[in-house]
Amino acid sequence: MKLFEYSETFAELFDSFDAICGYEPEQNENGQYIDDDGNIISDPEAYKADQLQAWFDTLDGIEEGFEVKAENVACYIKQLSGELEMLEKEKAAFERRRKAKKNQLERMKNYLLSCMQKINRTSIALDRATITVRNNAESARFVDEKAFIKWAKTNAPEFLNYGEPTIYKTLVKTALKSGRDLPGAALGRTQSLVIK
């Protein structure tokens with residue numbers, strides 16, 4: 001049985017508990033108590049006690065099976081967590097190597113460009129590489145970007161790009177906790193799983 005099937009079985013079992021506790025057997029034409037299959041029940045209280053005992057036995061069996069399955073799932077979650085942690089470390093190491101190579105590439109290109117500019121060469125054609133100094137398209141350049149932004153805020157806001165606003169969730173939480181009513185916001189709590 002799969003773990004989610006155990007969960008469904010638990011739900012069904014707990015639904016049946018109320019039915020067992022409130023069970024009142026029917027009577028046949030002779031006034032004898034009978035079960036749902038028409039079998040005679042000599043002692044309704046003992047019958048109900050047997051039903052409850054069977055219910056608890058079933059619960060014990062399901063709990064044991066559920067715990068085994070839950071443990072297996074938890075172990076798999078721990079394995080996935082370990083793999084994810086390893087991949088995150090590899091990703092961080094890869095990103096460091098990528099940035100180092102990119103910086104090295106830029107330094108080498110700038111070095112070669114500088115050398116060619118110094119000797120006033122715009123191209124070199126060789127067997128394994130052709131090197132060309134190209135004039136790029138014009139672009140805006142800034143002596144001090146922060147100073148330009150400060151000026152543009154009051155004098156030319158059309159030159160500035162403002163991103164989408166984001167919510168300071170910590171401030172909203174504090175306001176809600178203090179009793180402030182904020183439309184579309186409410187305090188809530190989620191649950192998470194801890195596996196050790």
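A: On a 1 Å grid over the protein atoms alone, a pocket is an open set of points where a 1.4 Å probe fits, with protein on both sides within 12 Å along at least five of seven lines; lining residues have an atom within 4 Å of a point. Grid points are joined across faces, edges and corners, and a volume is the space filled by probe spheres set on the points. The model is predicted: local features need pLDDT of at least 70 and side-chain atom pairs 80 or more, whereas totals for chains, interfaces and linings use all residues. Residues are numbered from 1 along each chain as its sequence is written, and side-chain values use heavy atoms, with hydrogens and water left out.

Q: Which residues line the second largest pocket, and what classes does its lining contain?
A: The lining consists of N135, N136, A137, S139 and R141. Ala, Val, Leu, Ile, Met, Phe, Trp, Tyr, Cys and Pro count as nonpolar, Asp, Glu, Lys and Arg as charged, and the others, Gly among them, as polar. Accordingly, one residue is nonpolar, three are polar and one is charged.

Q: What volume does the largest pocket have, and which element gives the most to its lining?
A: Its volume is about 410 Å³. Of its 14 lining residues, K109, L113, T132, V133 and R134 are the closest to the centre. Helix 2 gives the most, with eight residues; helices are DSSP runs of H or I, at least four residues, and strands are runs of E, at least two, numbered from the N terminus.

Q: Why is L52 called partly exposed?
A: Buried means under 20% relative accessible area, exposed over 50%, and partly exposed in between, with a 1.4 Å probe and protein chains only. L52, in helix 2, has 21% relative accessibility and therefore counts as partly exposed. L52 touches F17, I20 and C21, residues up to four places away in sequence not being counted; contact means heavy atoms within 4.5 Å.

Q: How do you know that K48 has no salt bridge?
A: A salt bridge needs a side-chain nitrogen of Lys or Arg within 4 Å of a carboxyl oxygen of Asp or Glu. Lys and Arg count as positive, Asp and Glu as negative, and His and the chain ends are not counted. For the buried K48, the nearest side chain of opposite charge, E24, is 4.5 Å away, and no salt bridge is present.

Q: What makes N120 exposed?
A: N120 is exposed because its relative accessible area is 68%.
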